[in-house]
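Reader: Please go through this model with me, one question at a time. I would like the cut-offs along with the values.

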Amino acid sequence: MENFVNSPEKLEALYNTKLFVLDMDGTIYLGKKPIDGAIDFCERIVKSGRKLMYFTNNASRNPEDYVKKLNSLGFPCEREMIVTSGDVTIAYLKKYYPGKPVYLVGTPALEKSFTEAGIELSENSDIVVVSFDLTLTYEKLEKACTLIRNGAKFFSTHPDINCPTEDGYIPDSGAICGAVTLSTGVEPRYFGKPYAETVEMIETISGIDRSYAVMVGDRLYTDIALGKKNGMLSLLVMSGETTEEMVNNASDEEKPDLIYTSVAAVEF
């Protein structure tokens with residue numbers, strides 16, 4: 001990484017951090033396997049008296065599912081420690097489009113999150129939300145494209161193109177949105193990382209100002225960009241999809257403040 005060295009100034013900021021916001025896929029686990037040292041890292045955060053929050057752009061599961069998964073893998077986690085891009089999208093829709101039905105391209109778990117939040121799901125709507133849908137069908141794509149061509153607003157929970165698993169990468173929300181955009185000519189408004197609404201929700205939930213928070217993740221264009229664009233410290237781990245070449249070629253908005261091989265190497 002062109003001899004990248006963590007600067008004393010950024011290391012001091014890390015030591016003064018009051019809130020660690022952790023990505024999950026590719027950062028603390030891959031699929032059903034914890035990354036070596038990740039459980040100990042999370043336990044060290046809690047024992048230090050700092051706050052720990054898990055934030056994932058992967059909205060294919062609801063928060064309760066993530067609590068169960070993290071606990072089953074051995075990570076310390078309670079419901080209030082989980083936030084997803086689905087939560088950010090729901091909050092936005094409830095604030096700016098109260099009472100409006102939504103056509104959702106998403107998993108049953110995400111559908112449950114929307115309906116429990118009081119958002120009606122309908123196949124005849126002027127709002128389309130596309131997410132990481134492991135139950136995607138051609139019929140869903142066709143319906144979404146038709147509604148968007150007819151003037152429906154096009155939103156997406158998150159822009160991630162691929163989702164890392166223990167067996168490699170699979171198409172994520174951004175890839176599905178790419179198909180819709182190619183068909184309709186319409187780009188979605190994305191939520192989740194790296195967008196401002198995410199940091200605003202993190203501050204609201206945690207009660208900690210962004211200047212005392214660090215975003216830890218494995219992706220430049222979501223995790224690192226969230227911090228760089230919104231006043232949070234950004235820490236890249238090389239345990240997910242980012243390569244050294246990507247870091248070397250990154251723009252200023254995606255250049256991490258700190259880089260470690262994995263969370264196991266992070267000291268604070």
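Author: This is a predicted model, in which local features need pLDDT of at least 70 and side-chain atom pairs count only at pLDDT 80 or more, while totals for chains, interfaces and linings use all residues. Residues are numbered from 1 along each chain as its sequence is written, and side-chain values use heavy atoms, with hydrogens and water left out.

Reader: In which strand is threonine 84 found?
Author: Helices (H or I, at least four residues) and strands (E, at least two) are DSSP runs, numbered from the N terminus. By that rule, threonine 84 belongs to residues 82-84, which are strand S5.

Reader: Does threonine 84 count as buried or exposed?
Author: Buried means under 20% relative accessible area, exposed over 50%, and partly exposed in between (1.4 Å probe, protein chains only). Contact means heavy atoms within 4.5 Å, and threonine 84 touches Phe55, Thr56, Pro63 and Tyr66, not counting residues up to four places away in sequence. Its relative accessibility is 3%, so threonine 84 counts as buried.

Reader: How many aromatic pairs does a search of the whole structure find?
Author: Rings of Phe, Tyr and Trp (its six-membered ring) pair if their centres lie within 6.5 Å; planes under 30 degrees apart count as stacked, over 60 as edge-to-face and the rest as tilted. With this rule, the number of aromatic pairs found in the whole structure is nine.

Reader: Why is the pair of tyrosine 92 and tyrosine 96 tilted?
Author: Both residues lie in helix H4 (residues 85-96), four residues apart, about one turn of the helix. Tyrosine 92 is buried at 11% relative accessible area, whereas tyrosine 96 is partly exposed at 46%. Their ring centres are 4.7 Å apart and the pair is tilted because the planes stand at 40 degrees.

Reader: What is the angle between the planes of tyrosine 97 and phenylalanine 155?
Author: Tyrosine 97 is in the loop between H4 and strand S6 (103-105), and phenylalanine 155 is in strand S8 (residues 153-156), 58 residues apart, so the pair links distant parts of the chain. Phenylalanine 155 is buried, with a relative accessible area of 5%. The pair is tilted, with 5.9 Å centre to centre and a plane angle of 55 degrees.

Reader: Which residues do ring pairs link into a cluster with Tyr92?
Author: Tyrosine 92 touches Tyr97, Phe155, Arg189, Phe191 and Glu197, not counting residues up to four places away in sequence. The C-alpha atoms of tyrosine 92 and phenylalanine 191 are separated by 8.9 Å, though the two are 99 residues apart along the chain. Ring pairs link Tyr92 into a cluster with Tyr96, Tyr97, Phe155 and Phe191.

Reader: What share of the 268 residues count as buried?
Author: The protein has 10 helices and 14 strands. Its C-alpha atoms fill a box of roughly 55 × 35 × 35 Å, taken along the principal axes. Of the 268 residues, the share that counts as buried is 54%.
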